[in-house]
Amino acid sequence: SRNQDLVKMLNEIRDALNSTEDYRVENLAEIIRNVVYKEEIATEKARKEEEKARIAEEERMSLEALAKAKREEENVLTYWSKFIEDAKSGAYLNDGKRVKERTLKNYVYTFNVIKEYIESQFGVLYFSDMQKDFWEGFQLFLSEKGYMSGTIATHLKELKVVCSKAVEDGLLSPSITMGWKHKEMYRNLIYL
């Protein structure tokens, strides 16, 4: 066996040398090296290809994770939840001042109501999918739920605050929020 392996390798070297027309010493040495170390060369080549494929897969997964994270930032409810956390921690300031406890409670209260609205109407809502009619749809939802005028006004005010911040952060087009006004027809008026 060792002799047979040696004879086989010598025959491969002879065949490789016969197939070249470049008889420079460095070329002949390269041909011999490629035959003698072909298994090691093949193993190293396979290792490099595996490494390249692994790096490409890591990059793909990283880009996918970034895209997913970016998309999740655009989720209205995820953004609103983070907005509340920022208001609690002081990362978000209202006119340069920390958000008051009452205002913070309003943000949370409106978040819970808008969550119900979004989940019932859209399932999931991203700022990029929000349309101008979102405002009126939310007002109608509040009215149909039996909320009083003052409560509806509070929810709409908090919605405007959060959406204004989303516009400022570049997540929501300002054209969506233009013309958002509280419509009387959705108010439940109380006469004393």
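Which helix gives the most to the lining of the second largest pocket? The close-ups below take this up along with the helix contacts. This is a predicted model, in which local features need pLDDT of at least 70 and side-chain atom pairs count only at pLDDT 80 or more, while totals for chains, interfaces and linings use all residues. Residues are numbered from 1 along each chain as its sequence is written, and side-chain values use heavy atoms, with hydrogens and water left out.

**View 1. The second largest pocket is lined by residues that include Y79, F83 and D169.** Here is the answer to the opening question: α4 gives the most to this lining, with 5 residues. Helices (H or I, at least four residues) and strands (E, at least two) are DSSP runs, numbered from the N terminus. A pocket is found on a 1 Å grid over the protein atoms alone, as an open set of points where a 1.4 Å probe fits, with protein on both sides within 12 Å along at least five of seven lines; lining residues have an atom within 4 Å of a point. Grid points are joined across faces, edges and corners, and the volume is the space filled by probe spheres set on the points. By class, the lining of the second largest pocket has 4 nonpolar, 1 polar and 6 charged residues. In this scheme Ala, Val, Leu, Ile, Met, Phe, Trp, Tyr, Cys and Pro count as nonpolar, Asp, Glu, Lys and Arg as charged, and the others, Gly among them, as polar.

**View 2. The largest pocket has a volume of about 200 Å³.** Look for D5, K8, M9, E12, V35, V36, K38, E39 and E40 around it. Two or more of these residues come from each of α1, α2 and α3 (38-73). The largest share, 4 residues, belongs to α1. The lining divides into 3 nonpolar, no polar and 6 charged residues.

**View 3. Helix α1 (residues 2-18) and helix α2 (residues 25-36) cross at roughly 145 degrees, with axes that come within 9 Å.** Axes are lines fitted to C-alpha atoms, for helices over the stretch in contact, and angles run from 0 to 180 degrees between N-to-C directions. In α1, the contact (heavy atoms within 4.5 Å) uses M9, E12, I13, A16 and L17, and in α2 it uses L28, I31, I32, V35 and V36. These make up 9 nonpolar, no polar and 1 charged residues. Leaving aside its neighbours within four places in sequence, A16 is in contact with I31 and V35.

**View 4. Helix α4 (residues 76-89) and helix α5 (residues 101-121) have axes that come within 10 Å and cross at roughly 170 degrees.** That makes α4 roughly antiparallel to α5, a label for angles over 145 degrees. From α4, the residues V76, L77, W80, S81, F83, I84, A87 and K88 meet L104, Y107, V108, T110, F111, I114, K115, I118 and E119 in α5. This contact has 12 nonpolar, 2 polar and 3 charged residues.

**View 5. α5 and helix α6 (residues 134-144) pack at an angle of about 110 degrees, with their axes 11 Å apart.** The two helices α5 and α6 are therefore roughly perpendicular to each other, the word used for 65 to 115 degrees. V113, I114, E116, Y117, I118 and S120 of α5 make the contact with F134, G137, F138, F141 and L142 of α6.

Key: Angles under 35 degrees count as roughly parallel, over 145 as roughly antiparallel, 65 to 115 as roughly perpendicular and the rest as oblique.
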